[in-house]
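User: I have a structure to go through with you. Can we take it topic by topic?
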Amino acid sequence: MTKLANYTQGQWQEGKGPGSTLYDPVLGTELATVSADGLDMAACYDWARKHGGTALRALSYAERADLLKQIVQVLQNNRDKYYDISLQNSGTVQNDTAVDVDGAVYTLSYYAKLGGKITGRHLRLDGEPESLARDNVFASQHIHVPSRGVALLINAFNFPAWGLWEKAAPALLSGVPIVVKPASATAWLTHEMVKDVIEAGILPDGALNIVCGRPEGMLEALNGLDMVSFTGSADTAATLRGHPRLLHDGVRFNAETDSVNSAILGTDKDDAAADLLVREVVRELTIKSGQKCTAIRRIFVPEARYESVAGAIAAKLKTITVGDPRNPDVRMGSLVSLQQQKAIVSGIEQLAAHSDVLFDGRKETTIQAQAGNACVAPMLFGVKNPDTHKLVHEVEVFGPVATLIPYRDAEHAFELARRGMGSLVASVYSDDPEFMALAAARLAESHGRVHLVDSAVAKAQTGHGNAMPQSNHGGPGRAGGGEELGGLRALKFYHRTAAVQGSPDILDRLAGA
Ligand code: NAP
């Protein structure tokens with residue numbers, strides 16, 4: 001069986017020992033192993049900073065944007081291979097693979113285009129100079145300069161392609177070398193993409209590195225000018241945050257973690273908005289079997305709409321075929337592993353013990369796959385006492401599971417959404433513009449993104465769960481407190497900000513420096 005090698009210090013190196021095994025979650029076959037045992041992480045980071053960082057920073061933003069463009073070409077040329085790997089290792093149907101693979105290529109292309117428009121060569125100005133003295137003889141100009149550290153990118157299992165490139169694109173565009181650590185269970189796709197890009201010889205030596213598995217000293221070997229961009233569970237984020245390199249030495253840390261996201265139906269009299277909400281809820285429940293950090297977990301509807309919305313969602317869920325993604329009739333594939341299946345089944349049992357069951361996939365869905373598969377059928381719960389029901393606002397069941405919740409009035413809905421204590425996204429469905437504007441103002445404080453859908457944008461809207469590179473991705477509190485994407489905002493994490501104080505004549509020269 002193939003052992004996925006690690007790429008550090010300009011060479012491929014196999015980890016020692018047996019490592020851990022990657023499986024096909026539907027057929028149960030063993031696909032590859034990963035191990036990072038024996039890697040020298042201090043040497044890996046030194047090499048990346050010294051060779052990769054120096055070479056990247058010697059280029060302008062536009063030149064680095066051109067490198068991203070070349071990476072896009074390589075990924076597009078190998079797209080079919082990536083779809084095949086995803087089918088085997090993630091158990092996803094083609095439409096779901098597209099969210100990961102094509103989403104990655106789109107994000108990278110977006111940053112290639114955006115970077116091509118940055119005029120500065122080696123730094124970016126932040127705003128205009130501000131006078132510090134009478135007659136403006138002395139002033140202050142803020143600048144952003146690329147960090148000289150290395151960026152460690154730690155990713156979750158659910159987006160092995162997008163998770164890599166949505167972090168790598170702004171880092172490389174900023175001139176910062178990266179070390180990617182994919183989640184072990186689905187490392188194959190990340191590994192293959194990195195291998196293709198390295199073999200294409202696009203990036204300078206040391207700019208792109210990959211470690212698969214859990215290398216010893218991964219955090220220990222970082223220094224105070226390095227960065228860690230993490231995606232995964234809140235528990236792992238908490239463990240990493242407590243490491244002395246972060247806590248004491250000031251390694252910069254961005255976390256994208258769990259989230260109990262909301263969809264809220266307005267108080268509209270007609271059915272148009274309800275239809276839009278139902279369609280989106282079913283999409284979110286079933287795409288990637290609900291294994292999306294942005295997936296809708298809580299659905300808030302006016303009390304009078306509770307029964308009708310429950311019936312409409314259940315009717316659509318009944319038509320979803322779940323099973324082996326190789327079967328063309330199957331619309332929803334598998335969870336990523338048997339381990340995840342066990343966790344999701346336990347989460348479902350926990351919710352079932354404290355909620356009404358409005359759609360029970362365990363009884364109403366036949367799974368079309370051989371025995372031993374990691375599939376889970378969709379579930380819709382209902383909670384009529386959301387003010388006192390703690391579980392529904394706290395537990396993220398990372399699968400095809402959501403809960404319908406009635407609200408009394410608009411302020412009650414917003415208050416309940418806030419009980420998620422910080423989420424990635426809330427979507428709102430209404431044709432009442434005043435309700436929509438109020439929702440945006442009320443929800444923005446506790447959500448990284450507010451997605452407003454009325455009949456006029458029904459076709460053009462980009463979807464509740466899609467993290468578009470133009471918009472911020474991240475959320476406060478429980479969602480990790482991080483910020484990613486959002487156009488050029490993403491570059492800030494990989495730059496250092498300084499105030500330069502001097503004469504206006506010198507400050508004028510900074511732009512061309
Ligand atoms: P996880 O168990 O926290 O793992 C995430 C990553 O951290 C993996 O690469 C994992 O490596 C690594 N890791 C785990 N423990 C570590 C440790 N002690 N030291 C160093 N690295 C460690 O999360 P997951 O199960 O992969 O992903 C599911 C979770 O991610 C869900 O809660 C979901 O909400 C969240 N998520 C959030 C976002 C977002 O953008 N907010 C996106 C996707 C997923 P190994 O795989 O080798 O253990």
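Analyst: Buried area here means the accessible area, taken with a 1.4 Å probe, that two parts lose on being put together, summed over both. This is a predicted model. Domain 1 and domain 2 bury about 2,100 Å² between them.

User: What share of that is on carbon and sulfur atoms?
Analyst: Carbon and sulfur atoms carry 61% of the area buried between domain 1 and domain 2.

User: Where are the domain bounds?
Analyst: The domain assignment gives domain 1 two segments, 2-258 and 484-512. Domain 2 covers 261-468 in that assignment.

User: How many residues does each put into the contact?
Analyst: Domain 1 puts in 24 residues and domain 2 puts in 30 residues.

User: And how far apart are the domain centres?
Analyst: The C-alpha centres of domain 1 and domain 2 are 31 Å apart.

User: What about charges across the interface: how many salt bridges between the domains?
Analyst: The count between domain 1 and domain 2 is one salt bridge.
In polar contact across that interface there are seven residue pairs, both residues of each at pLDDT 80 or more.

User: Which helices of domain 1 touch domain 2?
Analyst: Among the elements there, α3 (79-90) and α4 (94-116) each supply at least two residues of the side of domain 1 that touches domain 2.

User: What does Arg326 pair with?
Analyst: The side chain of Arg326 meets that of Asp24 in a salt bridge, with an N to O distance of 2.6 Å.

User: How many salt bridges in the structure?
Analyst: The structure has 25 salt bridges. One of them joins Arg245 and Asp249, whose closest N and O atoms are 2.6 Å apart.

User: Arg245 and Asp249, buried or exposed or in between?
Analyst: Arg245 counts as buried because its relative accessibility is 17%, under the 20% cut-off. Asp249 is at 31%, so it counts as partly exposed.

User: Which residues are linked with them in a network?
Analyst: Lys81 and Asp196 join Glu192 and Lys195 in a network of salt bridges.

User: What about Lys167 and Glu166, buried or exposed?
Analyst: Both Lys167 and Glu166 are buried. Their side chains form a salt bridge with an N to O distance of 3.4 Å.

User: Changing topic to cysteines. How many disulfides?
Analyst: The structure holds zero disulfides. Cys212 is in none, and the nearest cysteine sulfur to it, that of Cys44, is 12 Å away.

User: Why does Cys212 count as buried?
Analyst: Cys212 counts as buried because its relative accessibility is 0%.

User: And Cys293, what is its relative accessibility?
Analyst: Cys293 is at 15% relative accessibility, so it counts as buried.

Conventions
Residues numbered from 1 in each chain as written. Predicted model: local features only at pLDDT ≥ 70, side-chain atom pairs only at ≥ 80, totals over all residues. Heavy atoms only, no water. Disulfide = S-S within 2.5 Å. Buried < 20%, exposed > 50% of the residue type's maximum accessible area, 1.4 Å probe, protein only. Domains from an automatic or database assignment. Contact = heavy atoms within 4.5 Å. Salt bridge = Lys/Arg side-chain N within 4 Å of Asp/Glu carboxyl O. Polar contact = N/O pair within 3.5 Å; in protein donor to acceptor, adjacent residues only side chain to side chain. Helix = DSSP H or I, 4+ residues; strand = E, 2+ residues; numbered from the N terminus.
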